[in-house]
Structure formats: C-alpha cells, structure tokens
Amino acid sequence: MRVLDDGTREALAVPSGTIARLLLIDLQSEALEKGSRDIELGPNPNLLLNRLGLSRGGPVSRKVVDQLERICRLTLDFKIGNDRRAIIVNERIVEAFEYTSQEDPRTKRRTPMVERLRLSEAFFNELRRHPIPVDRAAIADIQNSPRAIDIYLFLAFRLPALKSETPISWTALWRQFGREKLLRTFKAEFREPLALALAAYREAKVEIGDRGLVLLPSPPPIQR
C-alpha cells in the first residue's frame, strides 16, 4: 500500500514475474557478498538494469522501478500450525528504504525510485543461515522463464544438501510449482522450464521418470 501526500492510498500488487525474481536474487547476493543489510541502488534505474543484465529502455525501466517498490513494501505472513490452532508471523523483506520520486512523462504521475534500502534483520539473519549459492550469469540465461528460475533455485537449495537419492512425485512438484488445473497439463508444461534450469545448473544430477523426479547429491552451482 502506497500512501500519498494528500492522504490517499494506492494499492500495490505483489511482486511477480522475472524482474521481481532477478531483483530478489540481486538483493540477497549483494547482502551476502558485502555482509551488510544496507544496499545501495543509486538514483538512476539504468544502474540497476546494468546490474540485472537487462537492456535499457523505458518499459523495462518502469517495470524494474515498480517491482522494486513492491518488494520494499511487501509483508509476508508465515503460518505455524493448522486451521484449528496456529501462530501467524508477519515479516518484511525490507525494513526501510529511501526513494526519490520521478514523474512518468506518459501518465504525469510520480513514481518512487528506491535509491537505498535496508533488509529486515530477521530476513538477513535467515539468509546468512541458509544461503543458496547461485550463478547469476546462468540465471541471466534463463531470465525469460520465471518457472525455470524457480526450479533452478529449488535445485540449488536441495541438491548440495542431499546425502542420498531423493524421489519427488509429480503431485508434490505440481503443488509447489504448478499453476495448471490438471496434473497431466502440469507434467507436460513443466518439462521445458526444467530443461532450461538443468542447462543453467550443469552440475545438477536429476533423473526424470514416469513417477516424477529423482534428485541426487550434486555440487552447488558455484562455490560459496
């Protein structure tokens, strides 16, 4: 939710798509590499486009600025328990952020450009406890497929931690990655982004069968 100077409120959609994923990967990588919750982004969206490996252009710049603001304002709910009794934890990815607003020449509306931000302490601590090493150049190669990025991150998290082969059924994969209404449709649609993810994560050892996937212990995409 964005509150304007006149007191009116504007609803913001949740982060989505490839750009949101690239931004989250970049923010987390920067925080881990520098060992700090504070991240400098700069006043010009072109600087951020260069960091993300995206081509410059008005439409792309506007999308990056928009998705970054969505991430900064996002609140996540974590549920521990069940429908009868549970604990709900509200958490933010970003604790605070600084912006300057820029006028969109098309709409004449001012859009915030986030120049610097501070990750929440809880998110940063969890990030340091469970870091996922990723090859950002490989991610850039599959940036046209949000689902391929999700699969890559899933494999980068699971495979290096395995001690033995681990089967995952198509039904379990459908529940985690599926947006299709039918399982058979998901199975058909899932294979292409899976192939893209495996091409980007060449060290991944994954067997594809009739019942689902079999994950095998694999080295991480890059060394920590």
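Glu69 sits in helix α3 (residues 58–73), where helices are DSSP runs of H or I with at least four residues, strands are E runs of at least two, and both are numbered from the N terminus. At a relative accessible area of 0%, Glu69 is buried (buried is under 20%, exposed over 50%, partly exposed in between, with a 1.4 Å probe and protein chains only). Setting aside neighbours within four places in sequence, Glu69 is in contact with Arg2, Leu12, Pro112 and Val114 (contact means heavy atoms within 4.5 Å).

Keep in mind that this is a predicted model, with local features needing pLDDT of at least 70 and side-chain atom pairs counting only at pLDDT 80 or more, while totals for chains, interfaces and linings use all residues. Residues are numbered from 1 along each chain as its sequence is written, and side-chain values use heavy atoms, with hydrogens and water left out.

**The largest pocket**

- The largest pocket holds about 1300 Å³ of space; on a 1 Å grid over the protein atoms alone, a pocket is an open set of points where a 1.4 Å probe fits, with protein on both sides within 12 Å along at least five of seven lines.
- That volume is the space filled by probe spheres set on the points, with grid points joined across faces, edges and corners.
- Its lining runs to 37 residues, and the closest to the centre are Gln28, Phe123, Leu127, Ile132 and Leu153 (a lining residue has an atom within 4 Å of a point).
- Two or more lining residues each come from α1 (17–34), β4 (75–81), β5 (86–92), α4 (121–129), α6 (146–158) and α7 (170–177).
- Helix α1 gives the largest share of that lining, with nine residues.
- Sorted by class, the lining has 22 nonpolar, seven polar and eight charged residues (Ala, Val, Leu, Ile, Met, Phe, Trp, Tyr, Cys and Pro are nonpolar, Asp, Glu, Lys and Arg charged, and the others, Gly among them, polar).

- Ile132 sits in the loop between α4 and α5, and at 32% relative accessibility it counts as partly exposed.
- Not counting residues up to four places away in sequence, Ile132 touches Leu153, Ala156 and Phe157.
- Pro220 is 88 residues from Ile132 along the chain, yet their C-alpha atoms are separated by 8.6 Å.

**Helix α1 against α6**

- The axes of α1 and α6 come within 9 Å and cross at roughly 30 degrees; axes are lines fitted to C-alpha atoms, for helices over the stretch in contact, and angles run from 0 to 180 degrees between N-to-C directions.
- That makes α1 and α6 roughly parallel (under 35 degrees is roughly parallel, over 145 roughly antiparallel, 65 to 115 roughly perpendicular, the rest oblique).
- On the α1 side, Gly17, Thr18, Arg21, Leu22 and Ile25 meet Pro146, Ile149, Asp150 and Leu153 of α6.
- This contact divides into five nonpolar, two polar and two charged residues.

**Helix α7 against α8**

- The axes of α7 and α8 (residues 183–200) come within 10 Å and cross at roughly 80 degrees, so the pair is roughly perpendicular.
- From α7, Trp170, Thr171, Leu173, Trp174 and Phe177 meet Leu183, Phe186, Lys187, Phe190 and Arg191 in α8.
- Seven nonpolar, one polar and two charged residues make up this contact.

**Ile151 in α6**

- Ile151 belongs to helix α6 and is buried, at 1% relative accessibility.
- Leaving out neighbours within four places, Ile151 is in contact with Phe177, Phe190, Pro193, Leu194 and Ala197.
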